[in-house]
Amino acid sequence: MKRVERSRREKDLLSKLSNIINYSEFIHANLVNVARTCGNKNCRCITKGQRHISLYLTTIRKDGARKMIYIPKALEEEVRQMVARYFRIRDIIEEVSDINLERVLSKKK
Ligand SMILES: [Zn+2]
């Protein structure tokens, strides 16, 4: 394969990408807050109507089915970061893809 001449910007993006992928975890999912009542009749969620807010991950499986996964409070921050990271990775790939497309188009002339 012919070696590609990459721009500074492209090299930076690719090195960022490889760092994220190699040294951290990511999850492709969306986060949703779900309000619920807990079942305890004396709880404020029933007595005051202040429902509990829980974090869920929603993922789309390969067969198209949507899956909701409850995330305990202790894992919320970690999971939020993992999901954010996935979208960061996707943004970087999109930007590199645009640069590559431009390069191909410039050869067309
Ligand atoms: Zn409750």
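**Reading a helix pair and a sheet**

In α1, residues E10, L13, L14, K16, L17, I20 and I21 meet R85, R88, I89, I92, E95, V96 and I99 of α3. Contact here means C-beta atoms, placed from the backbone, within 7 Å. This is a predicted model: local features need pLDDT of at least 70, side-chain atom pairs count only at pLDDT 80 or more, and totals for chains, interfaces and linings use all residues. Residues are numbered from 1 along each chain as its sequence is written.

Me: Which way do α1 and α3 run relative to each other?

Reply: Angles run from 0 to 180 degrees between N-to-C directions, along axes fitted to C-alpha atoms, for helices over the stretch in contact. Over 145 degrees counts as roughly antiparallel. The α1 and α3 axes come within 10 Å and cross at roughly 150°, so the two helices are roughly antiparallel.

Me: How many residues of α1 are buried?

Reply: Buried means 20 or more other C-beta atoms within 10 Å of a residue's own, with C-beta atoms placed from the backbone. Among the 16 residues of α1, the count is zero.

Me: What is the strand order in the sheet?

Reply: Strands are DSSP runs of E, at least two residues; helices are runs of H or I, at least four; both are numbered from the N terminus. Two strands pair if DSSP finds at least two bridges between them. Here the open sheet reads β1-β2-β3, with antiparallel pairing. β1 (30–36) and β3 (66–71) are the edges; each has a single partner strand, so one side of each lacks a neighbour in the sheet.

Me: How many bridges join β2 to β3?

Reply: Six. T59 stands opposite K67 in β3.

Note on methods: Buried ≥ 20, exposed ≤ 12 C-beta atoms within 10 Å, placed from the backbone. Parallel < 35°, antiparallel > 145°, perpendicular 65-115°, else oblique. Contact = placed C-beta atoms within 7 Å.
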